[in-house]
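Please open the structure in your viewer and keep the selection panel at hand. The stops below are meant to be taken in order.

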Amino acid sequence: ATPMVDPSSDLDFVEDAAELRLGPEFDDAQCMFLNEVASFLDLKAKDKLSASSESRANTMAASVIAKTKAYCERFQAVNSMLEKQVGCNILRKQLQRPLDSGTNIGRGLKSFQVASLVNLQPDNAEEAKAIIPSLADFDDDDVEHFLRVARESQGQ
């Protein structure tokens, strides 16, 4: 955890992803899936090409964009841009929807947990909880439910 001072209080604020304390700038932020990041980077790459400046900064930015896009595409499951956007929105809503059974009735995943679960694609509840510590509050059956929803939406 990285200590950070919260400007709205005199107390020290400690970021901790395991506790979903990501900082005030992320309170209302929507976390992105890798295929959304890839689509965004496509637009940025086109902007860079249209500017067509050969400065060192633009060349470096283009390189970073290309490498990040390649990383994102490595994990993408859906190909069509429209399918990706519609699918991402539906999946996000399904995973954030409050559970109607189990020990966590009324709780759904937070945006950070949804993006982490979809982007990291863990195989089972144990692995999911190991790489996304904030899922520890959910029992294994609930985490397996979230994993099933994510897999079904991605056609796996």
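This is a predicted model: local features need pLDDT of at least 70, side-chain atom pairs count only at pLDDT 80 or more; totals for chains, interfaces and linings use all residues.

Residues are numbered from 1 along each chain as its sequence is written, and side-chain values use heavy atoms, with hydrogens and water left out.

Begin by selecting L95, L109, L117 and L135, which have the most contacts inside the largest nonpolar core, a set of 21 residues. Such a core consists of buried Ala, Val, Leu, Ile, Met, Phe, Trp, Tyr and Cys residues joined through side-chain atoms within 4.5 Å; buried means under 20% relative accessible area, exposed over 50%, and partly exposed in between (1.4 Å probe, protein chains only). Next colour α3 (81-96), α4 (111-120), α5 (125-131) and α6 (140-153), each of which supplies at least two residues of this core, with the largest share, five residues, coming from α6. Helices here are DSSP runs (H or I, at least four residues), numbered from the N terminus.

Now turn to the salt bridges (a side-chain nitrogen of Lys or Arg within 4 Å of a carboxyl oxygen of Asp or Glu), of which this rule counts four. Select E36 and R92, whose side chains meet at 2.7 Å, N to O; this pair links helix α1 (residues 34-51) to helix α3 across 56 residues, and both E36 and R92 are buried.

Finally, select K129 and D140, a salt bridge also listed at 2.7 Å, N to O, where K129 is partly exposed at 22% relative accessibility and D140 is partly exposed at 41%.
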